Every structure is written in C-alpha cells, then in structure tokens.
Amino acid sequence: MNRQALTRLALAFALSYATAGIGAALTELGPWYFALKHPPWKPPDAAFGVIWTTIFTLCAISGWLAWQAADTPALRRRVAGLFGANALLNMLWSALYFKLQRPDWALFEVVFLWLSILALIMGLWRLSRWASLLLITYWVWVSIAAVLNVQTVMLNGPFGAQP
C-alpha cells in the first residue's frame, strides 16, 4: 500500500471516529435514560460501545475502499456526499434521543438514517462491492435499534411537555 492510500485510510478512520465521538458526546446516560422502561431483549448498555466501535471501523474501511475506487471527481463527490449525509443523520439521532430526550422525534428521524445507509449500500455497489457489503452490519444494527426505539416510545411515551 502506498503512502497516499495510507493517508486516505487514516483520514477515513479519523472522520468515522469523529462522527462516533460526536454521537457519543451527545449520548447522555443520566437519570432520565435510566428511568426509561426498556424492552427485555435490549442489549446491556456496555454492548453498545463495542457494537458502535465495530460499525464505525467497518464504515471507515468501506469509505476508504469506495474512495480508492472512485476514479473521477464526480464519483468522489458522491462517496463524500453519501457518507456525509449519513454522518449528519447518525449524529442527529443521538441528539434527538439523548440530548433532547425525545425518543419520539428520534423514531421519526431513524427512518432517514436507515434510508441513508441503504443509499450508501446501493450507491457504493458499482464502485466497490466490498465497500457496500461492509455496511450491511450497520444497516442491520440500525434496523434493530429502530425496533428498540419503537418499543421504548411505546413503553414510555408521550414525551415532551404535558398540557
């Protein structure tokens, strides 16, 4: 692997982990969160860090593979746009759910996050099948998280100021 490829790989990891770090900073597991009723099948809180670290590692490798395969400025813009939109939606979900304490709003937003992952998988397929396939774990996890989000809203709603 040449120096330029290694630099791009390091940048992919930096951007992916920056997204993870911002999402983690927005995730406040305080009294509000611990007072929520959760479905019995919810993974333990300690598992989420391992799961998300794995996902963001796979995203970094996926982004790097896609960038390496993108041989025109237009293709590179597409890769950056798809990953950028997904990163913003990922961070927004954490802000809505944890920072604003609105799982109901996060439930609406998770649809767009889920679709952005599907767009990444489909949008990268022609560039790099490996880049695309590495994102399936992310898509499956967000699908599970969306169901967990639905059940949390059902068990705890309504949220926000009560009349």
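Which residue takes a positive phi just after helix 4? In this predicted model, the residue in question is Gln 101, whose phi is about 55 degrees. Helix 4 itself covers residues 73–99, a run of 27 residues, and spans 37 Å between its first and last C-alpha atoms, which is close to the 39 Å expected at 1.5 Å a residue.

Helix 4 also takes part in the lining of the largest pocket, where helix 1 (3–26), helix 3 (45–69), helix 5 (103–125) and helix 7 (136–156) likewise give two or more residues each. The volume of the largest pocket is about 600 Å³, and its lining comprises 29 residues, with Thr 27, Phe 48, Trp 52, Trp 93 and Phe 98 lying nearest the centre. By residue class, the lining of the largest pocket divides into 17 nonpolar, 10 polar and 2 charged residues.

The second largest pocket has a volume of about 460 Å³ and is lined by 20 residues, of which Ala 12, Leu 15, Ser 16, Gly 63 and Phe 83 are the closest to its centre. The elements that supply two or more residues to the lining of the second largest pocket are helix 1, helix 3 and helix 4, and helix 1 gives the most, with 7 residues. The lining of the second largest pocket consists of 14 nonpolar, 5 polar and 1 charged residue.

Key:
Residues are numbered from 1 along each chain as its sequence is written. This is a predicted model: local features need pLDDT of at least 70, side-chain atom pairs count only at pLDDT 80 or more; totals for chains, interfaces and linings use all residues. Side-chain values use heavy atoms; hydrogens and water are left out. Helices (H or I, at least four residues) and strands (E, at least two) are DSSP runs, numbered from the N terminus. The expected span of a helix is 1.5 Å times one less than its number of residues. On a 1 Å grid over the protein atoms alone, a cavity is a set of points where a 1.4 Å probe fits but cannot get out, and a pocket is an open set with protein on both sides within 12 Å along at least five of seven lines; lining residues have an atom within 4 Å of a point. Grid points are joined across faces, edges and corners, and a volume is the space filled by probe spheres set on the points. Ala, Val, Leu, Ile, Met, Phe, Trp, Tyr, Cys and Pro count as nonpolar, Asp, Glu, Lys and Arg as charged, and the others, Gly among them, as polar.
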